[in-house]
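Open the model in your viewer and follow the selections below in order. Each stop says what to select and what is there.

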Amino acid sequence: MVKIVTVSSSKGGAGKTTTTICLADYWARMGNRVGLIDTDPNKSLSRWFQKGRENGFFEGIEFRQELQDKQIIETAKQLSKTCDILLIDVAGIASISLLKAAGIADLVIIPAQPNEDDFLEAANTAAIVKEAMELTGRSIPYRTVITRGKQNTSVLRHMVNQLKRMNYPVFDTIIHDRTIYPQARFNGNTPVSLEPSGSAALEIENLAEEIVAQLVADHEKKQSQAA
Ligand SMILES: Nc1ncnc2c1ncn2[C@@H]1O[C@H](COP(=O)(O)OP(=O)(O)O)[C@@H](O)[C@H]1O
Ligand SMILES: [Mg+2]
């Protein structure tokens with residue numbers, strides 16, 4: 001059964017597009033059929049994907065640009081027919097698109113850099129996910145991934161500790177600040193294909209595994225509740 005993962009934050013520059021395409025590239029290279037939808041009017045995922053395709057990357061990824069909130073659910077449904085996993089990159093604003101993309105998601109990933117602004121915006125995004133839960137009557141798990149963390153800095157440690165103390169859902173994997181992310185973007189690929197055994201590819205793999213573990217656990221929980 002297809003799993004839908006929406007990546008969103010109301011903060012621009014939080015790392016949504018980077019996280020989305022790195023995960024898509026990883027899962028596609030692992031042999032999954034991956035769907036990818038860009039709903040962000042800034043179209044940066046579309047440009048990245050297009051460049052990659054022209055350079056021979058991103059095989060196994062089915063891409064759609066869907067800027068009309070009216071069409072998001074239909075486009076997701078269509079892609080779901082042929083995909084194992086579907087990733088949706090959603091504009092960094094409270095919008096109908098976000099409500100819809102959260103409403104159909106099995107998991108919402110909320111990227112945030114380790115600073116107060118990003119975390120306030122992550123909490124705002126989580127509040128919209130909660131509204132989507134009210135509207136749909138479904139439980140929609142959400143979890144923050146810390147992006148652009150600077151290695152061994154006190155601000156990073158502080159942020160992780162604070163979040164855990166607040167019981168705010170956060171992935172153990174941290175996406176660190178690394179030149180290879182923007183560098184790969186220039187090439188139209190990702191660290192996963194640019195340097196498959198490098199540290200960035202490894203952290204993406206760890207994040208992808210945490211996501212799959214969460215999707216599997218949620219699925220099993222739902223099945224046991226239904227039984
Ligand atoms: N882990 C990272 N290390 C270094 N630079 C990053 C990293 N993640 C994102 N960036 C850079 O930060 C900027 C914003 O990232 P992007 O993924 O486009 O954010 P969003 O989609 O949330 O606006 C881009 O210039 C991108 O190359
Ligand atoms: Mg973006």
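Begin by selecting strand β1, residues 3-8, together with β4: the two strands pair in the parallel sense over six bridges. Bear in mind throughout that this is a predicted model.

Which residues point each way from β4? Ile85, Leu87 and Asp89 point one way, while Leu86, Ile88 and Val90 point the other way. In a regular strand, side chains alternate between the two faces of the sheet. Asp89 is buried, as are the other residues named on both sides of β4. Because six of the six residues of β4 are buried, the strand is largely enclosed by the rest of the structure.

Zoom out to the whole chain. It contains nine helices and seven strands. Its radius of gyration is 16 Å, close to the 17 Å that the globule rule gives for 227 residues, so the chain is as compact as a globular protein of that length. Along the principal axes, the C-alpha atoms fill a box of roughly 45 × 40 × 35 Å.

Colour by burial next: 52% of the 227 residues are buried. Switch to the surface, where the chain exposes about 11,000 Å², with carbon and sulfur atoms supplying 50% of that area.

Finally, select the charged side chains. There are 26 positive and 27 negative ones, and the centres of the two sets lie 1 Å apart.

Definitions and conventions:
Residues numbered from 1 in each chain as written. Chains lettered and ligands numbered in written order. Predicted model: local features only at pLDDT ≥ 70, side-chain atom pairs only at ≥ 80, totals over all residues. Heavy atoms only, no water. Helix = DSSP H or I, 4+ residues; strand = E, 2+ residues; numbered from the N terminus. Rg over C-alpha atoms; globule rule 2.2 N^0.38 Å. Buried < 20%, exposed > 50% of the residue type's maximum accessible area, 1.4 Å probe, protein only. Areas by Shrake-Rupley, 256 points an atom, 1.4 Å probe, with all protein chains shown as cover. Lys, Arg positive; Asp, Glu negative; His and termini not counted. Charge placed at Lys NZ, Arg CZ, Asp CG, Glu CD. Pairing = 2+ DSSP bridges.
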